[in-house]
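Colleague: I'd like a close look at one part of this model, taken slowly, with whatever packs around it. Please give me the cut-offs as you go.

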Amino acid sequence: MKSRGLELGQFLNEQRALGTSDSEGQFTVSHSNAARKLARFSLPRPYAWASKVIQAACGWNADEVSVRQRRTLTSIYLRLDDPGKLPTEEELVEVLLSGRIGGGRPIDDFCIALRSLVEQTRLSFLVVIEGEASPPRPVYAGPHFTKMKESHRLASRYRLGRGITLTVAHIPADETETPLLVGYRYAKKIIDELEKYCFLCTVPLKIGKDRRDGPLESGRFAPSKDFKPLLISGVKDGESLALPAGFEEKKMSLFTHPQRALRTYHGNADFSSVVVVGVDLEALLNPFESSQKSTGSLNWVDRGVVVYELGLPVRTRCLRCEFFLNADGLKRDLTGFKLLESEEKKQRETGAVRALADLVCSTDLSSLAFRADLDESSPSDDADDARAAKRRSVKRFLKGSSAGVVLSVLNPPLGASLALGGVIAALVPRKDNDHASLAVDSEKFRRVIREDTQMIAEHLLEWNPQDSDGSGIKVEFSS
């Protein structure tokens, strides 16, 4: 049986010509009115559609989400081994054109993502649903896939396996720059959205070959030369917050090896609200160059995605706190990214922030920061570091000595000196200056951490919800 794809623009025009309207046929509202409503609907960020795709994946309880990128295309593959979870192409198009905005079903989230990336971000998409029944009928929109042959739309690169493969062309329809120059820039916007807002995804999320579901696995809280996580924990004062597999309480230090941080601490994993506390290392080591900054933000989480964030009104020197609260069951606007004020929200926020602040302030972070954090695999971490350092040293030696050989022909004394310098650079061990500074001035840094903790206590232990900042998402409807 030959497959025939569904191009949304053409399909919409056909339905208009047939005069399909409310309660007639498969689609239940006027398609022209639905398109007009949806065209005026926008998410809070141009690439928030990627977060909506992740919410759909969490709602479907996908077996895995895999993100693969090329220069001009991104494929987001939702692997669903159970064919009973898969929507049909007709169901997908029905929701896309029904005029329904909002709703808590996975297909609602997925369709909002598709409409947003076309209407708001001016991108093209191709969706292939792969089940066990009939051959797939690609659903597509936008110039990139509309002008493509049907056989090409069913190529293996757009069908990654059982489940749903969404392929997005990076270049917006109204882009005037050369695609060669802008393709990677737009690709990065998708990854940035996933890294910043989707790291609490409740299904395995892979970007390329790397897992990104989990605070330390994401680019947002991973240990680096600038940021060191100290505490991942939470409180249980309500319904459990759905969290990534492997999420657990972890107590780390400024000297924790990045690989150690990723391994288990055998900590509790059942929380209704969670907190991530870390140290801005640059601010700690250079207090006179770094002014006080906000301590972090209050984040509401729904179906694995941060849907709303609010800056915390606390100024600290080095400690950064990020609170994550459960938005499940709270009223939101139609985008799902703006929480509406209610008594339930106020009570939940008040209790969670105060409890998390008490947890932070009752933890001896100043001692935690300077302790040794080792496990049975730590010697292997050190051995791997030594091998990596040796490889870097060999490269430096070869680079320095090769330059010396060339100069030896032109200027023998200078060439010999440069070659000798390459050998010395390779053989002299390089110390971690930051670690050394932390160890030498540990008492001073402990005092800074204690002062920051006191600042958090003064502002958050008696927390009361802030008034709305008025920057919500405006959604207009045509009559």
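**One loop and its surroundings**

Modeller: Let's start at Asn-61, which sits in the loop between α3 (49-59) and β2 (64-69). Helices here are DSSP runs of H or I with at least four residues, strands are runs of E with at least two, and both are numbered from the N terminus. Before going further: this is a predicted model, where local features need pLDDT of at least 70 and side-chain atom pairs count only at pLDDT 80 or more, while totals for chains, interfaces and linings use all residues. Residue numbers run from 1 along each chain as its sequence is written, and side-chain values use heavy atoms, with hydrogens and water left out.

Asn-61 has a positive phi, near 55°, and it isn't a glycine. Its relative accessibility is 48%, so Asn-61 counts as partly exposed; for reference, buried is under 20% relative accessible area, exposed is over 50%, and partly exposed is in between, using a 1.4 Å probe and protein chains only.

Now step back into the helix that Asn-61 follows. Ten of the eleven residues of α3 are buried, so the rest of the structure largely encloses this helix. The buried set is Trp-49, Ala-50, Ser-51, Lys-52, Val-53, Ile-54, Gln-55, Ala-56, Ala-57 and Cys-58. For the chain as a whole, buried residues make up 48% of the 479.

What does α3 pack against? One partner is α5: their axes are 8 Å apart, at an angle of about 160°. Axes are lines fitted to C-alpha atoms, for helices over the stretch in contact, and angles run from 0 to 180 degrees between N-to-C directions. That makes α3 and α5 roughly antiparallel, therefore, on a scale where under 35 degrees is roughly parallel, over 145 roughly antiparallel, 65 to 115 roughly perpendicular and the rest oblique. The crossing of α3 with α5 is left-handed, meaning the near helix is turned anticlockwise from the far one by less than a right angle; clockwise would be right-handed.

On the α3 side of that packing you'll find Trp-49, Lys-52, Val-53, Gln-55, Ala-56 and Gly-59, and they meet Pro-106, Asp-109, Phe-110, Ile-112, Ala-113, Ser-116 and Leu-117 of α5. (Contact means heavy atoms within 4.5 Å.) Sorted by class, there are eight nonpolar, three polar and two charged residues in the contact of α3 with α5. Here Ala, Val, Leu, Ile, Met, Phe, Trp, Tyr, Cys and Pro are nonpolar, Asp, Glu, Lys and Arg are charged, and the others, Gly among them, are polar.

α5 also meets helix α4 (residues 89-97): the two axes come within 9 Å and cross at roughly 65°. This crossing of α4 and α5 is right-handed. Glu-91, Leu-92, Val-95, Leu-96 and Leu-97 of α4 touch Ile-107, Asp-108, Phe-110, Cys-111, Leu-114 and Arg-115 of α5. The α4 and α5 contact has eight nonpolar residues, three charged ones and no polar ones.

In soluble globular proteins, nonpolar side chains tend to be buried together. A nonpolar core is a set of buried Ala, Val, Leu, Ile, Met, Phe, Trp, Tyr and Cys residues joined through side-chain atoms within 4.5 Å. The largest one here has 110 residues, and Trp-49, Leu-92, Phe-110, Val-127 and Phe-323 have the most contacts inside it. Helix α5 (residues 106-119) gives the most to this core, eight residues. Take Leu-92: leaving aside neighbours within four places in sequence, it contacts Ile-107, Phe-110, Cys-111, Leu-114, Val-127, Ile-129 and Val-139. There's also a second, separate core of eight residues, including Val-128, Tyr-140, Tyr-158 and Ala-169.

Ile-164 is buried, at 1% relative accessible area. Again skipping neighbours within four places, the contacts of Ile-164 include Trp-60, Leu-86, Phe-110, Val-127 and Val-128. Among contacts in the chain between residues at least 6 apart in sequence, 70% join residues at least 24 apart.
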